Amino acid sequence: MAQTGILFAGFGGQGILFSGKFLAYEGLISDKQVSWLPSYGPEMRGGTASCSVVFSDEVIGSPIVEKPDILVVMNLPSLDKYESAVVPGGKIFYDCSLIDRKVNRTDVQAFAVPATKMAADNGMPTLANMILVGKMIKETGLISTEHVEKIIDKIVSARHQDLKELNAKAIKMGYDYEA
Amino acid sequence: MADKVLMKGNEAIAEAAIMAGCNFYFGYPITPQTEVAAYMAKRMPKIGGTFLQAESEVAAINMCIGVASTGKRVMTSSSSPGVSLKAEGISYMAGCDLPALIVNVQRGGPGLGGIQPSQSDYFQAVKGGGHGDYHLFVVAPASVQEMVSLTAHAFNVAEKYRVPAMLLADGTLGQMMEPVVLDNITVEEHDKSWALTGTKMEREHNVINSLSMLPEELEQWNIDRFKRYEAMEEQEPMWEEYEMEDAEVCVVAFGISSRVSKNAIMAARAKGLKVGMIRPITLWPFPKKVLRAAADKVKAFVTVEMNMGQMFEDVELATRCLKPVLKCNRTGGCIPTPEHVLSVIEDAFNVGGEQ
């Protein structure tokens, strides 16, 4: 059964849940089975936030991603916590402007993106998460590039037209980024 | 068919209730069900309904008694400690034969417990919780889509039998988003001649009351109520059978535990182990007959629950202890992993083999 588990993790406030939501909407648009499960509670307020997304061709059993195929992390504690859980052959995307060590595993593919620095340099300090999402789209093909605009339309409210453009720009920057 | 939308379980419950004709909601915030109240606060004023954040859970359930007495559809929601506070009102509702929907998005207990998901209010939901001889119609959704269909169904059944209904979810189901289709909601019309709607000087007064100082009269009320419970036990059990055709071990799990169990069953099947699942969808009435029938076919049962083994007792009762029942439990806000479930399934093959 073709099933992909993606885990997003970082500090509360980095847009971890939003990144997961972005992916979940791809599931909706492409008519796949999809589930989105956030961590909730005190850890959302400054501590570690995480979010599980499962993509599948068939009905999804557990929505909890314990062994991610894809891990996207935006802080060191999250990399420390989840690196060992990634399935062999999986992919890890991490923000190397916030995480000052490399991925230790040799049986996974690691992609370092200085997302927070890129976001700050380009006047979009809150969109580092979407830069990482852009890189993830490029390297995994999980989201059809044709859907990106559609998804942004669905999850960014119409009152924030400027944010729609910035989100699209951030995703493109991540997509085009090469180390 | 309506479009698919992504919704949190908590929001899906709220929207489904509104679509099922519930125009009154009374509640009090508590994690992890607060989105139900938040959604109602946003939507109710737009449809001319009533959203009221009560001063406490006790006040909210008593407001529900008021609305239910008039025959209107009404709902309240909370999470475990809040539902304990509502227990008195729920018992009064049962004693007054009032239909209403109480939603419990469970978290770890007892006491103030924690805020992570749990299924440890099973006993409270199916064995009472409040005082007196009574049952609730209890449904346990396992997906956001089922949170829609079962919310609507619970209102219908509650009115059909004049009993309060409970939707028993947990923090995971409440917080997770899945695509849902908001349709197939049928609002059944049931007799409401008992409701307090004003006599207009054209009929005798209706009385909604749970008090009788005459033991024989009170006994008769209970006997009459249990005739309805009997009809419910006959007609209303719901369950899902998964991979049961050739199963030698039967997993029994409800709600989110059943979804973790499905992963474990797939893994077990991949190892050649013939295992299936009976998932109770109604927890009361409990799907006893299908479990009793399964007891003649399988070697052993495995109950998977996020409590110390509550539904476990009902499985032993339903199967008359004909076959061993093994427990697979996590509690306190922890969720069993598929690996954990798989290891107990493997144990069950060994235990069952010795018989």
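Chain B is divided into domain 1 (4–198 + 207–235) and domain 2 (240–354), with bounds that come from an automatic or database domain assignment. Everything here is a predicted model, in which local features need pLDDT of at least 70, side-chain atom pairs count only at pLDDT 80 or more, and totals for chains, interfaces and linings use all residues. As you follow along, residues are numbered from 1 along each chain as its sequence is written, and chains are lettered from A in the order in which they are written.

Taken over C-alpha atoms, the centres of the two domains of chain B are 27 Å apart. Where they meet, 27 residues of domain 1 are in contact with 22 residues of domain 2; contact here means that C-beta atoms, placed from the backbone, lie within 7 Å. On the domain 1 side, the elements giving two or more residues include α5 (122–126), β7 (164–170) and α8 (215–235) of chain B. Such helices (H or I, at least four residues) and strands (E, at least two) are DSSP runs, numbered from the N terminus. With four residues, α5(B) gives the most to this side of domain 1. By class, the residues on this side are 16 nonpolar, eight polar and three charged, where Ala, Val, Leu, Ile, Met, Phe, Trp, Tyr, Cys and Pro count as nonpolar, Asp, Glu, Lys and Arg as charged, and the others, Gly among them, as polar.

Now look at Ile208(B), found in the loop between β8 (177–181) and α8 of chain B. Leaving aside residues up to four places away in sequence, Ile208(B) touches Ser69(B), Cys96(B), Leu98(B) and Leu196(B). Ile208(B) counts as partly exposed because it has 18 C-beta neighbours inside 10 Å (20 or more would be buried, 12 or fewer exposed).

Let us turn to the meeting of the chains. Here 16 residues of chain A are in contact with 19 residues of chain B. On the chain A side, α1 (16–29) and β2 (33–38) each give two or more residues, and β2(A) gives the most, with five.

Finally, within chain A, helices α4 (residues 128–140) and α6 (residues 161–176) pack at about 50 degrees, their axes 6 Å apart. Axes are lines fitted to C-alpha atoms over the stretch in contact, and angles run from 0 to 180 degrees between N-to-C directions.

Terms used: Contact = placed C-beta atoms within 7 Å.
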